[in-house]
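Visitor: Hi, I have just opened this one and would like a hand finding my way around. Could we talk it through side chain by side chain?

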Amino acid sequence: MERIDQGMPFLLRYENVAWYEGGKVRILDRRVYPREVRFEICETYQEVVQAIADMVTQSAGPYTAVGMGMALAAYQVRDKGRAEQSAFLQQAAHDLAHARPTTASRYGKITFRCAAVAEEALEAGADPVAAVVNDTLQSLERRYRVMQLVGDHLETLIPEGGTLLTQCYGETIIGTLIRSAARSGKSFRVFCAETRPFLQGARLTASCFAQAGFDTTVITDNMVAYAMEREGIDVFTSAADAIARDGHIANKTGTFQMAILAKHFGLPYYVTGIPDKDKRSAADIVIEQRNPGPVLTSWGISNTLPEVKGIYPSFDVTPPHLISGVVTDKGVYVPGLLDRYFDTEVREFY
């Protein structure tokens, strides 16, 4: 199989996302990268579920992790009878899909397909673990190929010598944008909002761009208006954890207010990703509410008195009137006409 993670940053090499081998799944712990390169080792699929819930991997990382988790589930019941194997795989597919609620439908497309692949392998007398690993790798290839088209379209929207502002960590789109810019020879500066409380923008996005040779600057989340007004920002972009067909998008908390600021300063805001066919409107988007502990601490050190409370909604929803365009594999869509994406054949993505 041709691997198309060549030229990708360290974070996007297949083995550095999530990888099954020898009855274990290892997942790069993005909570501590780049301060430390550490892998979480999971010996059951339930541990993979917990790792995803605990943000060991995030953005598109769980798409790979849930597939590798399904391979681990098949390994866990390798010596059981067919009925028990089938029931276990279905339970694993459900549990892995619901590791994080906002993206459950996306994860489920992968996990239940993996369960079906394992069943087919068992019927044929083949190794279900190997079959699921292979299916997950094929899914990775599809995703990287489709997202390369998205990255190519986004690259054309950034002016030569301009300045791009990012929010959170857009995973594959970051790598494909970097690769597209390298191919075209385009140069631009990058400002990364830090993305509290896990600092994905500072630790992950900034690392990828800096390692690729881009002039990269990190700003705290409350410096966005200053940067837009005084630092020559030309384009604001983010990925999305959910893209409804009516043009509403869910992304890391803070995206909504950054979109408001972009509108105020007359800057285009481009969302990248593939629309969710099963989400008609914002009403179909579930906002994950996380443990507020990280909001009240920095690297495990409390910033508040014990009686102070916190909240941690993982995402917010940005309405279509604040979005200049949704950049997809088929091109750029006006949010209000995003439903037309489904008028033509949709490439398999997961």
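**Rings, charges and a helix**

Guide: Let us begin with an aromatic cluster, which is made up of Phe 188, Phe 209 and Phe 214; please keep in mind throughout that this is a predicted model.

Visitor: How many aromatic pairs are there in the whole structure?

Guide: The search of the whole structure gives 11 aromatic pairs. One of them joins Tyr 14 and Tyr 144, whose ring centres lie 5.4 Å apart with 80° between the planes, an edge-to-face arrangement.

Visitor: Where do Tyr 14 and Tyr 144 lie?

Guide: Tyr 14 is in the segment before strand E1 (18-21), while Tyr 144 is in helix H5 (residues 128-156), so this pair ties together parts that are 130 residues apart in sequence. Tyr 14 is buried, at 1% relative accessibility, and Tyr 144 is buried with a relative accessible area of 1%.

Visitor: Which lysines lie over the face of a ring?

Guide: Lys 252 lies over the face of Phe 315, at 5.2 Å from the ring centre, and Lys 330 lies over the face of Tyr 341, at 4.2 Å from the ring centre.

Visitor: Changing topic, how many salt bridges does the count come to?

Guide: The count comes to 24 salt bridges. Among them is the one between Asp 5 and Arg 13, with the closest N and O atoms 3.4 Å apart. Asp 5 is buried, with a relative accessible area of 0%, whereas Arg 13 is partly exposed at 24%.

Visitor: And which residue forms a salt bridge with Lys 24?

Guide: Its partner is Glu 43, and the closest N and O atoms of Lys 24 and Glu 43 are 3.8 Å apart. Lys 24 lies in strand E2 (residues 24-28) and Glu 43 in the loop between strand E3 (39-42) and helix H1 (45-53), so the pair ties together parts that are 19 residues apart in sequence. Lys 24 is partly exposed, at 38% relative accessible area, and Glu 43 is partly exposed as well, at 47%.

Visitor: What about Glu 171 and Arg 30, are they buried or exposed?

Guide: Glu 171 and Arg 30 are both buried, and they form a salt bridge whose closest N and O atoms are 2.5 Å apart. Glu 171 lies in the loop between strand E4 (163-166) and helix H6 (172-184), and Arg 30 in the loop between E2 and E3, so this pair ties together parts that are 141 residues apart in sequence. Elsewhere, salt bridges that share partners join Asp 29, Arg 31, Glu 36, Arg 38 and Glu 40 into one network.

Visitor: Last topic: which residues of H1 are buried?

Guide: In H1 the buried residues include Tyr 45, Val 48, Val 49, Ala 51 and Ile 52. They cover an arc of only 165° around the axis, which puts them on the same side of H1.

Visitor: What do those buried residues pack against?

Guide: The buried residues of H1 pack against E2, E3, helix H2 (61-76), helix H3 (82-97) and helix H4 (104-123). Just after H1, Met 55 takes a positive phi of about 70°.

Note on methods:
Residues are numbered from 1 along each chain as its sequence is written. Side-chain values use heavy atoms; hydrogens and water are left out. A salt bridge is a side-chain nitrogen of Lys or Arg within 4 Å of a carboxyl oxygen of Asp or Glu. Buried means under 20% relative accessible area, exposed over 50%, partly exposed in between (1.4 Å probe, protein chains only). Helices (H or I, at least four residues) and strands (E, at least two) are DSSP runs, numbered from the N terminus. Rings of Phe, Tyr and Trp (its six-membered ring) pair if their centres lie within 6.5 Å; planes under 30 degrees apart count as stacked, over 60 as edge-to-face and the rest as tilted. A charge sits over a ring if NZ of Lys or CZ of Arg is within 6 Å of the ring centre and within 35 degrees of the ring normal. The arc is that of the directions from the helix axis to the C-beta atoms. Contact means heavy atoms within 4.5 Å.
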